[in-house]
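Work through each exercise before you read its solution.

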Amino acid sequence: KVDFDIDADQNGLKINNFSAFTETGALLAQGTVSSAGEFKLKGSVTDFPIAPVLDFMGQQGSGLAAVQFDVSGTEDAVDFTGVTQLKQVNIAGLEIEEAHGGLSMQDNIVVLKNYKVTMAQGESVLNGSINLQGEEPVFDLDVETAGVRAEPFVKVVAPEVKLTGNVNNIMFVKGTLTMPDISGKFLLTDGSAEGYLIDKIETDYSYQANNLVISDCDIVALSTEAKLNGRMDAEKNLDFKVDIRDIDLSALPINDDTVDLDGYANAHGTLTGTLSKPFFHGDVSSKSIMINGEELTDIQCKLDSDGGIKNHLLGSFKQAPKGVLSAELDYNHEQKLLQGNIVAIYGNVRSILKMAKADYNVDGLAQGEIAINPHGSGSGIFVDVWVDDISINDLKYEEMKFKGHLQDKVWYFDDVKLMETKDVTDKGIVAVGGKVDLANGKLELEAGAVDANPALVTAF
C-alpha cells in the first residue's frame, strides 16, 4: 500500500507526505525533488526487510531495519545521514539479535560510527567505512568484539573444527569480500577444543590472499601451555612450529583399562598436514612418567603422530636401579594396536611386568629384546632376554635365559633355562618348556633339571 501527497510545478516536486507499507513495516518521507534531479528528503523506516540490500551486496540473509534519515543529492551522488537499527538478522548463518548506531554515506562511501551489534551472548562495535564506488564493496572497518560465543563463528568459518568458549576479538577488516585483508588479536576463554578443556587461547592473526597467519599464539589448558606460530593456506594445509610444556599424560586418549599413564611431558616440533588431519613431527621429553604405577625417567623421544592411525615413537628411557631401555613403537589409536620393539639393558623385570599389569613375585635385571605384536594385531609379545640375579618367589638363581611369547593371556616357554646362584656348591641348571594360562590359572610345563633346588617346583 502506498499513500502520498505531492505538489508539482516547473521547479520539481514537493513531497508533503509519502507513505509505503509492507506486511511488516512502513516508509514515511517528506522533502523535495528538483527538475534537475536533485533531492532532499527526511523520514523514517520501520521494520523494513533488508534482504534486497544484502542481495545488492552479493550476500544472502534476512532481517528487519528501522531508520531515521536525512538524504540528499542526485541519483549518482547520494548523501545520507541517520541512525539505524537492525533486528532478527541472519547473514551467512550468523544470528544477530539487534544492531544499532550512526550511519552516513557520501560519494557512495558508507561510514559507521559506534555501530553496536548484539548477539545471543556478547556484542561487537564497528567503526569505519564501506566504499560502494566499485564493482564490489571495499571495507575499512575496526571491529571490537566482547563476550560472544565461539560456536556460531566456527560453524560458518570452519565447521569441521570443534571449538567452544567465550571470545574477545579486535579485528581490522580491509579489502573486498573476495579478497579480504584482515588482522587482529583474538582471545578465547573457558572453552574446549576437540573435546579438551581450554582455559585460554590468545593470539595475533592476519588473513591475506587466503592465507591465515598465526603469531605468538598462547594456549593454556590446565597445566599445559602451548606456543604456536605459522600459517594455514586456502586448502587448509598447516605449516606451524609448536612448543608445548607440561602435557598432562593422564588426560591423553590412550589411557584405558589396560594402560594407566601419568606424569608430564614437553614437546616441540612442527605441525603439518591439514586442519582436519594434523600431523606432528618433533621431540618429546620428560623427567619422569608412570606407566601402570611404574616409573620411567629421563625420557627422550622422537614422535611422528597424526593422533589416529600413525603414531611412531623412537626413544630411550631409564629405570631404577640402573636400567636403560630404548624403544621403537607404532600405535594405531583407531585400532588400539601397539607394535614395535623394546631393547633393555639391566631392565627391572618386576617393574616391566607391572607395566604390563602382570604383578608377580619375580625380580631380576634383564638384557635383551621385547617384540610387541610383530606379526600384526593379536600376535602377542615375544621376549628374548637374559636375566641376571633372578628371584622367583624368593628362590634365587644367578641368571635365566628366557625366550618365549605371550598371546591371549597365555605364556609360551619356547626356550627357558635357569642357572643356580653362584654361591651354591654344584650349581644346578633347569630347562623349562610348555605354557602357562594366566587367565585360567593352568600350567602345562615340561622341565629338566641337573642338581637343581627342589624348591623350584614351589616357586613356579
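This is a predicted model, and three aromatic pairs turn up in it.

**Exercise 1.** Work out what kind of pair the rings of Phe69 and Phe80 make.

*Solution.* Start with distance: the two ring centres are 6.2 Å apart, and rings pair if their centres lie within 6.5 Å. Next, check the angle: the planes of Phe69 and Phe80 sit at 20°, and planes under 30 degrees apart count as stacked. So Phe69 and Phe80 are a stacked pair. Now place them: Phe69 is in strand 5 (residues 61-74) and Phe80 is in strand 6 (residues 77-91), 11 residues apart.

**Exercise 2.** Are Phe69 and Phe80 buried or exposed?

*Solution.* The cut-off for buried is under 20% relative accessible area. Phe69 comes in at 11%, so Phe69 is buried. Phe80 has 19%, so Phe80 counts as buried too.

**Exercise 3.** Sort out the pair formed by Phe402 and Phe413.

*Solution.* Centre to centre, Phe402 and Phe413 are 5.5 Å apart, with 75° between the planes. Angles over 60 degrees count as edge-to-face, so that's the label for Phe402 and Phe413. Phe402 belongs to strand 25 (residues 395-407) and Phe413 to strand 26 (residues 410-420), so the pair ties together parts 11 residues apart in sequence. Both Phe402 and Phe413 are buried.

**Exercise 4.** Which residue lies over the face of Tyr346?

*Solution.* Look for Lys322: it is placed over that ring's face, 4.4 Å from the ring centre.

Conventions
Residues numbered from 1 in each chain as written. Predicted model: local features only at pLDDT ≥ 70, side-chain atom pairs only at ≥ 80, totals over all residues. Heavy atoms only, no water. Phe/Tyr/Trp six-rings, centres within 6.5 Å; stacked < 30°, edge-to-face > 60°. Helix = DSSP H or I, 4+ residues; strand = E, 2+ residues; numbered from the N terminus. Buried < 20%, exposed > 50% of the residue type's maximum accessible area, 1.4 Å probe, protein only. Lys NZ or Arg CZ within 6 Å of the ring centre and 35° of its normal.
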